[in-house]
Amino acid sequence: MSKRVYNFSAGPAALPEEVLKEAQKDLLNFRDSGMSVMEMSHRSKDFESVLARAEASIRRLLNVPETHAILFLQGGASMQFSMVPMNLKEQGKKVDFLQTGMWTQKAGKEIKKECEINMVASTESENFMRIPTPEEIRLNSDASFVYMCSNNTIFGTQWKQFPETGNVPLVADMSSDILSRPIDVSKFGLIFAGAQKNLGPAGVTLVIMRKDLAERADKKLPTMLQYRTHIENNSLYNTPPTFGIYILALVAEWVEKNGGLDAMYKRNVEKAKLLYDAIDGSDFYHSPVNKADRSDMNVVFRAGLNGGNEDIEKKFDKEATLAGLTNLKGHRSVGGLRASIYNAVPMEAVQALVDFMKKFEAENRK
Ligand SMILES: *Cc1c(COP(=O)(O)O)cnc(C)c1O
């Protein structure tokens, strides 16, 4: 393939082309070290500076207060489903749980192994096509923490406003919308995100957490599964995913160069609007997601008259791929189509998709 495609993958997902080019330039000889970042000791000065750059950039972008540590871990977001309750559960207390999709279901399964949960709100009976309203959410002041997922990658919904949890730490899985918009980190006890959607390559998991919460954990937990281990050792207790952290640093610096989170957010809203307007403007396309809760990152839609048609969607995906627009098939559990338009997906890609949609509709409307 001579040309890069417009990649709408949900994850691992598109990376900024500038970042890939910079990594390519440095691949054989990083900053006159005579070697690749992949080949150097994680305790070397060169790598320590990479790690410091990654942390500093994330801290600036999200305005992370000194009360919170920034960690680069392994095991993916899915490992956090276990680490969070192992470390943050409290004797005799329950977890307030907000059920909004498959990733919270998977997290809930792991949390229940450690402690009881209190299902505060769930939109499961509506096939997760919306986010619970503030009126539906009755939080308990004696919960050990509140658990939520900020953006539901599979169902295409996103929390536009976070619940007020008072003194109870709010834990959020932000795997698919971290760095897509400004957030107030001081309102969260713990945020985690697998890197492979909006931050970098697979293999690194970003954790931003209140340092004091790490002291809740039983010291008998496996050393690697205690947050305090990684806080005390600045993510260098063992060998971290060095190359992934390097790419993450380049991505975070790319976000800064492009105006930071306010600019990213503005661009993401414009991209999403272009696509949702194209969907809403035609009876050939259809969004099943409640309008107010539609994700700016993962646009879930159906193609075909009368709400969608699987054969038409298969054809759409196939022809789109041939036209250089890839990974538009919906998640296997929900079907339909999905365009993931993370930070690194340019407006030009979304415009190309909208143009393709118009052409496809004209050819297949019958
Ligand atoms: C992709 C995803 C996960 C799973 O991430 P892994 O790194 O594969 O464990 C969890 N939560 C959300 C919201 C995701 O989008």
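Leaving out neighbours within four places in sequence, Leu73 is in contact with Gln80, Met83, Gly203, Val204, Thr205, Val207, Tyr227, His230 and Pro241. Bear in mind that this is a predicted model. Leu73 belongs to strand β2, residues 68-73. Is Leu73 buried or exposed? Its relative accessible area is 4%, so Leu73 is buried, since buried means under 20%. Leu73 and Leu236 are 163 residues apart in sequence, yet their C-alpha atoms are 9.4 Å apart in space.

Next, Ser36. Ser36 sits in the loop between α1 (17-26) and α2 (45-62), and it is buried too, with a relative accessible area of 4%. Setting aside neighbours within four places in sequence, Ser36 is in contact with Leu27 and Leu28. The Ser36 side chain reaches the backbone oxygen of Leu27 at 3.4 Å. From Ser36 to Val168 there are 132 residues in sequence and 44 Å in space, C-alpha to C-alpha.

Now the rings. How many aromatic pairs does a search of the whole structure find? It finds 16. One of them is Phe30 with Tyr246: the ring centres are 5.5 Å apart and the planes are at 80°, so this pair is edge-to-face. It links distant parts of the chain, with Phe30 in the loop between α1 and α2 and Tyr246 in helix α6, 216 residues apart. Both Phe30 and Tyr246 are buried.

Phe81 and Phe192 also pair edge-to-face, because their planes are at 65°, with centres 6.1 Å apart. Phe81 is in helix α3 and Phe192 in strand β9, 111 residues apart. Both Phe81 and Phe192 are buried.

Lastly, Phe284, Tyr285, Phe301, Phe316, Phe356 and Phe360 form one aromatic cluster.

Notes:
Residues numbered from 1 in each chain as written. Predicted model: local features only at pLDDT ≥ 70, side-chain atom pairs only at ≥ 80, totals over all residues. Heavy atoms only, no water. Helix = DSSP H or I, 4+ residues; strand = E, 2+ residues; numbered from the N terminus. Buried < 20%, exposed > 50% of the residue type's maximum accessible area, 1.4 Å probe, protein only. Contact = heavy atoms within 4.5 Å. Polar contact = N/O pair within 3.5 Å; in protein donor to acceptor, adjacent residues only side chain to side chain. Phe/Tyr/Trp six-rings, centres within 6.5 Å; stacked < 30°, edge-to-face > 60°.
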